Every structure is written in structure tokens, then in C-alpha cells.
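Here is a short briefing on charged side chains and on one pair of packed helices. Please look at the structure before reading the points.

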Amino acid sequence: MSTTDETPAGSGTPMIEMVDVQKHFGALHVLKDINLAVPAGQVVIVLGPSGSGKSTLCRTINRLEPIDSGTIRVDGIELPSEGRKLAELRADVGMVFQSFNLFAHKTIVENVMLAPLKVRKQKSDAAKKRAMELLDRVGIASQADKYPAQLSGGQQQRVAIARSLAMAPKVMLFDEPTSALDPEMVNEVLDVMTSLAKEGMTMLVVTHEMGFARRAGDRVIFMADGAVVEDTDPTSFFDNPRSDRAKDFLGKILSH
Ligand SMILES: Nc1ncnc2c1ncn2[C@@H]1O[C@H](COP(=O)(O)OP(=O)(O)OP(=O)(O)O)[C@@H](O)[C@H]1O
Ligand SMILES: [Mg+2]
């Protein structure tokens with residue numbers, strides 16, 4: 001567990017590294033000088049008020065959004081801004097959003113096989129075998145031949161996680177993965193994320209699930225107005241927030 005931006009001795013290259021990253025949308029400065037080093041296996045919870053830049057931060061890490069300046073490396077490799085190399089490196093970073101975005105006209109197992117077939121050029125048999133293993137891991141193997149609309153939201157989100165894992169990513173980014181779910185389905189998705197964390201996946205998780213943040217997080221990044229305002233461990237953050245912005249945020253979110 002690391003509570004600073006420094007890489008712990010002996011752990012080598014950070015899995016995610018952002019150095020002096022700046023991003024604007026027009027006149028709006030949405031990421032202000034972000035410096036962040038995430039060691040392999042760390043689970044980073046990203047918190048902050050609406051509009052503080054959490055989604056944009058995630059999206060820059062796999063270049064869904066270009067940055068104005070600075071450097072972003074994943075496992076020591078800087079992402080190129082475009083081209084074939086970008087497609088390959090982007091596959092190292094899995095991303096799961098609030099909306100599941102499964103292909104409606106493909107079955108569950110076909111959804112999970114698609115990227116390995118197209119991007120990794122895997123053979124169909126191998127891709128199917130791997131897809132079934134991953135569906136089993138997220139508890140959906142028995143639904144493999146159904147279509148997305150036949151599954152609950154929680155099940156669809158677990159498929160979306162399996163689909164990301166099929167590319168064998170080095171990093172998983174989660175942007176409010178449970179926000180669109182009915183309350184009774186939230187835990188089944190958080191359980192899958194918790195087991196991924198225990199298996200050593202490097203994860204960046206934007207979430208409003210404070211119980212999960214405390215339990216599964218190694219580190220909390222609190223953002224406000226595009227800047228990282230606090231960077232500490234979950235216990236310190238929740239029990240002893242230092243900035244007024246964080247105190248205000250926690251006051252609102254914990255009084256629900
Ligand atoms: N494509 C875009 N074009 C212009 N402005 C954008 C774009 N995407 C985001 N923004 C703006 O950038 C700021 C940061 O947005 P972002 O979505 O990263 O915030 P967030 O912390 O994820 O918020 P939320 O908690 O509501 O999801 C906001 O002011 C938003 O309106
Ligand atoms: Mg967001």
C-alpha cells in the first residue's frame with residue numbers, strides 16, 4: 001500500500017504514471033497539472049464533486065481524450081496519440097462505464113469474444129474457451145447464449161467486466177460502474193471488482209460506493225475543479241479529511 005506519489009522501493013516502474021498533465025475543453029481547464037504514479041496492484045478510488053474531472057481523468061489514461069501537455073505512461077510506455085500502436089496499447093487498459101454498451105444483437109459469449117477475435121486475432125475456439133472462463137469467473141456462464149436484453153443490469157455489467165478482461169489488460173478503469181444499477185444489483189458487481197482487486201489488478205475506480213472505497217481501496221484521490229486536492233489512504237480520507245472541499249463533499253455524500 002502506497003500513500004504517496006512515490007513508487008515504493010523495489011516495485012519498479014509505476015503501472016500508471018501521469019506527469020504534469022494538463023487538459024482544457026475550450027476555456028475550461030478540466031485537468032490541472034495532474035501528477036499521479038500508481039504502482040502495480042494498487043486500487044485507487046477517485047472521488048470528487050460532479051464536474052471535478054474524474055471521468056476525464058479516466059478517459060485520458062487510455063486516450064479516449066487527448067491531453068494538451070504532459071505525459072501519460074502505462075507500464076512504462078507512453079501512449080502515442082494515434083495509429084496502430086495506440087490500438088494495441090489501449091488494449092492494455094480496460095474500461096468499464098456506467099452504461100454497459102454491450103452489442104445488443106450479439107450473444108453474451110460473442111460480446112466477450114469480439115475484441116480478442118478482431119484486435120488480438122485469436123482463433124475462435126481459443127477466444128470462446130477464454131470467454132467462457134471469464135463468464136464463469138463473473139458468475140454468468142449459464143447465460144452465455146442469451147442476448148444482453150435478457151440479462152439484468154447487474155449481470156450485464158458483469159459481462160462488461162468480463163469483456164474488458166478478455167483483452168488481458170494491465171490496468172482496469174471503472175467510471176461509476178454501479179451508478180445505473182438498481183440497489184440490489186450493486187453488490188454483485190462490487191464483489192467481482194473486489195475479487196479482481198484481491199487478485200492484484202491495478203485499478204482506478206470512480207465510485208460513490210463509500211463502503212467499497214474503504215474496504216477495497218488502497219488509496220483515495222480526491223479531485224475538485226480539475227485538481228487533485230487530497231491523495232491519501234481511505235481511512236485517513238474518510239476519518240480525517242484535511243481540505244474544506246473534501247469535508248464539504250463527505251458531509252453531503254455521507255448524509256444521504
Ligand atoms: N466533451 C466535453 N466537452 C466539453 N466539456 C466537457 C466535456 N466532457 C466534460 N466536460 C466538462 O469537463 C468538466 C469535467 O467533466 P467530467 O465529466 O470529467 O467530470 P466528473 O468529475 O466525471 O463529473 P460527474 O461526477 O458528474 O461524472 C465538466 O465541467 C464538464 O462539463
Ligand atoms: Mg463522471
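The points below describe a predicted model.

**Salt bridges**
- Side chains of opposite charge can pair when their charged atoms come close.
- The whole structure contains 14 salt bridges.
- One of them joins K170 and D92, with the closest N and O atoms 3.8 Å apart. This pair links distant parts of the chain, 78 residues apart: K170 is in the loop between α5 and β7, and D92 is in the loop between α2 and β6.
- K170 is partly exposed at 29% relative accessible area, whereas D92 is buried at 12%.
- E133 and K129 pair at 3.4 Å, and both lie in helix α4, 4 residues apart, or about one turn of the helix.
- E230 and R242 form a salt bridge at 4.0 Å, N to O. E230 lies in strand β10 and R242 in the loop between α8 and α9, so the pair ties together parts 12 residues apart in sequence.
- E230 is buried at 2% relative accessibility, while R242 is exposed at 59%.

**A buried residue without a salt bridge**
- D218 sits in the loop between α7 and β9.
- D218 is buried but has no salt bridge, and the nearest side chain of opposite charge, R219, is 9.0 Å away.
- The D218 side chain does reach the backbone nitrogen of V43, at 2.8 Å.

**Helices α3 and α4**
- The axes of α3 and α4 come within 9 Å and cross at roughly 125 degrees, which makes α3 oblique to α4.
- Their crossing is right-handed.
- M113 is in helix α3 and is buried, at 8% relative accessibility.

Methods: Residues numbered from 1 in each chain as written. Chains lettered and ligands numbered in written order. Predicted model: local features only at pLDDT ≥ 70, side-chain atom pairs only at ≥ 80, totals over all residues. Heavy atoms only, no water. Helix = DSSP H or I, 4+ residues; strand = E, 2+ residues; numbered from the N terminus. Buried < 20%, exposed > 50% of the residue type's maximum accessible area, 1.4 Å probe, protein only. Lys, Arg positive; Asp, Glu negative; His and termini not counted. Polar contact = N/O pair within 3.5 Å; in protein donor to acceptor, adjacent residues only side chain to side chain. Axes fitted to C-alpha atoms, helices over the stretch in contact; angles between N-to-C directions. Parallel < 35°, antiparallel > 145°, perpendicular 65-115°, else oblique. Left-handed = near helix turned anticlockwise from the far one by under 90°.
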